[in-house]
Amino acid sequence: WRRARIQAMPELEARMGHTPEDDRAFFQGTVMAENEVFVAVEGETPRGFLTLKGGEVGHLYVDPEAQGRGLGTALLDLAKARSPAGLRLFTHQASRRARAFSEARGFRAERFGTSPAPESEPDVLYGWEPGGDEAG
C-alpha cells in the first residue's frame with residue numbers, strides 16, 4: 001500500500017509525511033474497521049488489496065513489483081460481482097496510470113473536484129454500471 005502510493009504520487013506522499021506507523025494505525029483503525037477488505041495473494045505473499053463499502057471502492061492498491069499481472073483487474077472484477085448495481089471510486093487527477101486503469105475497465109469520469117483536507121488534491125469521481133462498454 002505504502003510503496004504503491006509513493007510510486008503513484010511521490011510529491012503528495014512527501015507532503016503528507018505519513019510514517020509507516022501512521023499508515024499501520026490508519027489501516028487497522030479505519031480501513032479494516034470500516035470496509036470489506038479483499039486481498040490479492042501470490043503464493044503466500046499479499047500483493048494488493050481493495051476495499052469496498054456499499055458500492056464504493058475506497059482503496060485499490062497493488063505492490064509496484066506485482067503490477068501488470070492482473071491482480072488489480074481481479075480485485076476490481078470481484079468488486080463488480082459484489083456490487084452488481086454499479087460502483088464508484090475516486091482517484092487523483094494527476095494519477096494518469098490509475099485513471100487509465102479504471103477507464104480501461106469500464107469506469108467513466110463523472111465529476112472532477114478536490115479531495116477533502118488534508119490532501120486537498122484535484123480528484124476524479126468514476127462510475128461503473130453493469131453492461132457498460134468495457135474497453136479491456
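Biologist: Is Tyr61 buried, partly exposed or exposed?

Modeller: Bear in mind that this is a predicted model. Tyr61 has a relative accessible area of 23%. Buried would mean under 20%, and exposed would mean over 50%. The value for Tyr61 therefore makes this residue partly exposed.

Biologist: How do the rings of Phe49 and Tyr61 sit: stacked, edge-to-face or tilted?

Modeller: Their centres are 5.9 Å apart and their planes meet at 35°. Planes under 30 degrees apart would count as stacked and over 60 as edge-to-face. Phe49 belongs to strand β2 and Tyr61 to strand β3, 12 residues apart. With that angle, the pair is tilted.

Biologist: Which arrangement do Phe27 and Phe49 have?

Modeller: Phe27 is in helix α3 and Phe49 in strand β2, so this pair ties together parts 22 residues apart in sequence. The ring centres are 5.1 Å apart. The planes stand at 85°, so the pair is edge-to-face.

Biologist: Which residues form the aromatic cluster?

Modeller: The structure has 2 aromatic pairs. Phe49 pairs with Phe27, and Phe49 also pairs with Tyr61. Together they give one cluster: Phe27, Phe49 and Tyr61.

Biologist: Which element supplies the largest share of the lining of the second largest pocket?

Modeller: This pocket holds about 430 Å³ of space. Among the lining residues closest to its centre are Phe27 and Phe49. α1, α3, β1, β2 and β3 each supply at least two lining residues. The largest share, 5 residues, comes from α3.

Definitions and conventions:
Residues numbered from 1 in each chain as written. Predicted model: local features only at pLDDT ≥ 70, side-chain atom pairs only at ≥ 80, totals over all residues. Heavy atoms only, no water. Phe/Tyr/Trp six-rings, centres within 6.5 Å; stacked < 30°, edge-to-face > 60°. Helix = DSSP H or I, 4+ residues; strand = E, 2+ residues; numbered from the N terminus. Buried < 20%, exposed > 50% of the residue type's maximum accessible area, 1.4 Å probe, protein only. 1 Å grid on protein atoms, 1.4 Å probe; cavity = no way out; pocket = protein on both sides within 12 Å on 5 of 7 lines; lining within 4 Å. Points joined across faces, edges and corners; volume = space filled by probe spheres on them.
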